[in-house]
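Subject: Structure handover

Hello,

Please find the structure below, handed over for you to look through. My notes on it come after.

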Amino acid sequence: MATNDVPPPDLTEQVNAWVWSAFGFWGLVAFAACGAVFFVYSNWDSVSRWPGMPWLLNLVTRKAMPKADSKRFSVLVARLNNDTDHEHQKLILDLLRGFEGVQVLALDRVIPANGTGARNSEKEGHEKARDYLTKAGASILILGRVLKL
């Protein structure tokens, strides 16, 4: 190589310099976020099974807590454990809507019965149910588990 020869420019450095000058820090952050969204979308079958992902999806997609009318008798119906496609909750809601003057509210949450022991799990479930009932301002709350034979 002669002393007059200039080495070819490094393409990676030129691209990095152009991206940084054109978009700045937040542009790079946005570009990385778009890449992450594309990765998650294109690999959704495996991403949806990652640890903690079902909980996160439930948290993000669930509906807001319904609010009861304080001047009416209101029934809050929680999602039922083991209720695939929420068909039993829908049946209960449809039956209750037949009563005139009753406000029927659907709670988009399952009240879990999990804990360290049977008594503790039942107690935790009751506390969670009371919390939802208070937040919604409803008169009663229907919850439970679907048993399949």
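The notes below cover salt bridges, nonpolar cores and aromatic pairs, in that order.

Please keep in mind that this is a predicted model.

Salt bridges

The count of salt bridges comes to three. In one of them, the side chains of Asp108 and Arg79 meet, with N and O 2.3 Å apart. Asp108 has a relative accessible area of 11%, so it counts as buried.

Another salt bridge joins Lys135 to Asp131, whose closest N and O atoms are 3.3 Å apart. Both belong to helix H5 (residues 118-136), and because they are four residues apart there, about one helical turn separates them. Lys135 is partly exposed at 45% relative accessibility, and Asp131 is also partly exposed, at 30%.

Arg97 and Asp94 make a salt bridge as well, through their side chains, at 3.6 Å from N to O.

Nonpolar cores

The largest nonpolar core has 12 residues, including Met65, Leu76, Leu105, Leu107, Ile111, Tyr132 and Leu141. Elements S1, S2 and H5 each give two or more residues to this core. The largest share, three residues, comes from H5.

Met65, a member of this core, is in contact with Leu107, Arg109, Tyr132, Lys135 and Ala136, leaving aside neighbours within four places in sequence. Lys135 on that list is the residue that forms the salt bridge with Asp131.

As background, nonpolar side chains in soluble globular proteins tend to be buried together.

Aromatic pairs

How many aromatic pairs are there? The count comes to two. Trp18 and Phe23 form an edge-to-face pair, with 5.8 Å from centre to centre and 85° between the planes. Trp18 counts as exposed, at 53% relative accessibility.

The other pair is Phe25 and Trp26: their ring centres are 5.0 Å apart and their planes stand at 75°, so this pair is edge-to-face. Phe25 is partly exposed, with a relative accessible area of 46%, while Trp26 counts as exposed at 66%.

Regards

How values were computed: Residues are numbered from 1 along each chain as its sequence is written. This is a predicted model: local features need pLDDT of at least 70, side-chain atom pairs count only at pLDDT 80 or more; totals for chains, interfaces and linings use all residues. Side-chain values use heavy atoms; hydrogens and water are left out. A salt bridge is a side-chain nitrogen of Lys or Arg within 4 Å of a carboxyl oxygen of Asp or Glu. Buried means under 20% relative accessible area, exposed over 50%, partly exposed in between (1.4 Å probe, protein chains only). A nonpolar core is a set of buried Ala, Val, Leu, Ile, Met, Phe, Trp, Tyr and Cys residues joined through side-chain atoms within 4.5 Å. Contact means heavy atoms within 4.5 Å. Rings of Phe, Tyr and Trp (its six-membered ring) pair if their centres lie within 6.5 Å; planes under 30 degrees apart count as stacked, over 60 as edge-to-face and the rest as tilted.
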